[in-house]
Amino acid sequence: MAIKFGRPIEMRDAPRPKTALAPSLDLVVRPRRNRKSEWARRLVRENVLTADDLIWPLFVVDGHNKRTPVASMPGVDRLTVDQAVRDAERAMKLNIPCIALFPYTEPSLRDEFGSEATNADNLVCQSVRAIKKEFPNLGVLCDVALDPFTSHGHDGLIEDGKILNDETVAVLVRQALVQAEAGCDIIAPSDMMDGRVGAIREGLDAAGFLDVQIMSYAAKYASAFYGPFRDAIGSAKTLTGDKRTYQMDSANSDEALREVELDIAEGADMVMVKPGMPYLDIVRRVKDTFAMPTFVYQVSGEYAMIAAASGNGWIDGERAMMESLLGFKRAGADGILTYFAPQAAEKLKQQG
Ligand SMILES: NCC(=O)CCC(=O)O
Ligand SMILES: [Mg+2]
């Protein structure tokens, strides 16, 4: 503990030593009074993080009983389906309400159309079935986009070097349907094609999936912070060009509101801003403007920065993790997709 003038500086409400000087500033208002000790800080605390706020993304891969570390995401593994079920159990024990699934698709199964995305027995669908069978009360979110399945690493179909919006949307509807049939609770389109939320809602309703929710990646920015995720799903090497014709320009803020407004009009139950830390202003604007359940994705690069600095002993990783997550709550987020979910939930459990 730091010592200043012979007493711990944290103990501001300790008796004043007789030798202390009389106050020299004539202050009526002293904001520091409310910070004088832990109980006082707890009393005036405006925001809290709980396990209820967390969605835990998991990477699934083919095989049996294997966990393969993702090099650029220390502490995160690719999981075979049986291991994903074990992590689902951990989520249940930690009171994490929902997990999210992302597949590493074998290169031999990737093609230019992302055909594997609509295979009702693909890795994601297998995982949903296995997890729901053991833990029917755990929420399961499935990402809808073609990038884990295409040989070119893009989220959409391509013709003459251009991403085809409407043709892609038709495939995404089929992808959402196989996921819903497998038992997915929340469909989360992350592709940023125009009109996909409305089309998916219509498709789900027509097939009788009235209760399947949609969480739209409504304001998803073209970001450098997705790098480690592309390692994890194996699209880093294959991705040609960038995603700037569909993901948003990081310079824009009003545009995020227009995107969110459209997705709500098309039937999104929840909206998301992604990435997180560089876009806290967007989270705040979205929450204030629409008062919708608003989520934020603390993406792989954000996780990697904190994990790497912590691993090098440059920052206190646990405190940085909790501070970053609380920052999302302060910015107005109702929930956070984060690879830190299990560590944060463990920490919250210890704190009681
Ligand atoms: N559609 C999901 C992602 O793109 C996640 C990105 C990340 O974690 O970097
Ligand atoms: Mg949109």
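**Conventions.** I worked with a predicted model, in which local features need pLDDT of at least 70 and side-chain atom pairs count only at pLDDT 80 or more, while totals for chains, interfaces and linings use all residues. Residues are numbered from 1 along each chain as its sequence is written, chains are lettered from A and ligands numbered from 1 in the order in which they are written, and side-chain values use heavy atoms, with hydrogens and water left out.

**Entry 1: salt bridges.** I took a salt bridge to be a side-chain nitrogen of Lys or Arg within 4 Å of a carboxyl oxygen of Asp or Glu.

I then looked up single pairs. Lys 132 and Asp 185 join their side chains in a salt bridge, at 2.8 Å from N to O. This pair connects distant parts of the chain, 53 residues apart: Lys 132 belongs to helix 3 (residues 123-134), and Asp 185 to the loop between helix 4 (165-182) and strand 10 (186-189). For helices (H or I, at least four residues) and strands (E, at least two) I used DSSP runs, numbered from the N terminus.

For burial I applied these classes: buried is under 20% relative accessible area, exposed is over 50%, and partly exposed lies in between (1.4 Å probe, protein chains only). Lys 132 is buried, at 15%, whereas Asp 185 is partly exposed, at 25%.

Asp 121 and Arg 129 form another salt bridge, with their closest N and O atoms 3.6 Å apart. Here I noted Asp 121 as partly exposed at 44% and Arg 129 as partly exposed at 37%.

Arg 244 is bridged to Asp 242, the closest N and O atoms being 3.3 Å apart. Arg 244 is exposed, with 64% relative accessibility, and Asp 242 is partly exposed, with 45%. I also recorded a network, in which salt bridges with shared partners join Arg 86, Glu 89, Lys 93 and Glu 134.

**Entry 2: Arg 196.** I located Arg 196 in helix 5 (residues 196-206). Is Arg 196 buried or exposed? Arg 196 is buried, with a relative accessible area of 1%.

I next looked up its polar contacts, meaning pairs of N or O atoms within 3.5 Å; within protein, one atom must be able to donate a hydrogen and the other to accept it, and residues adjacent in sequence count only if both atoms are side-chain atoms. The side chain of Asp 191 is in polar contact with that of Arg 196 at 3.1 Å. A polar atom of the Arg 196 side chain also lies 3.0 Å from the backbone oxygen of Tyr 217.

**Entry 3: Met 292.** I found Met 292 in the loop between helix 8 (280-290) and strand 13 (294-298). Met 292 counts as buried, at 15% relative accessibility. Its C-alpha atom is 9.0 Å from that of Asp 334, a residue 42 positions away along the chain.

**Entry 4: a surface patch.** I took patches as made of residues with over 30% relative accessible area and no salt bridge, like charges being joined within 9 Å and nonpolar side chains (Val, Leu, Ile, Met, Phe, Trp, Tyr) within 5 Å. Accessible areas come from the Shrake-Rupley method with a 1.4 Å probe, and for residues only the protein chains shown count as cover. Trp 39, Leu 43 and Val 44 make up a nonpolar surface patch, together holding about 350 Å² of accessible area. Val 44 sits in helix 1 and is partly exposed, at 43%.
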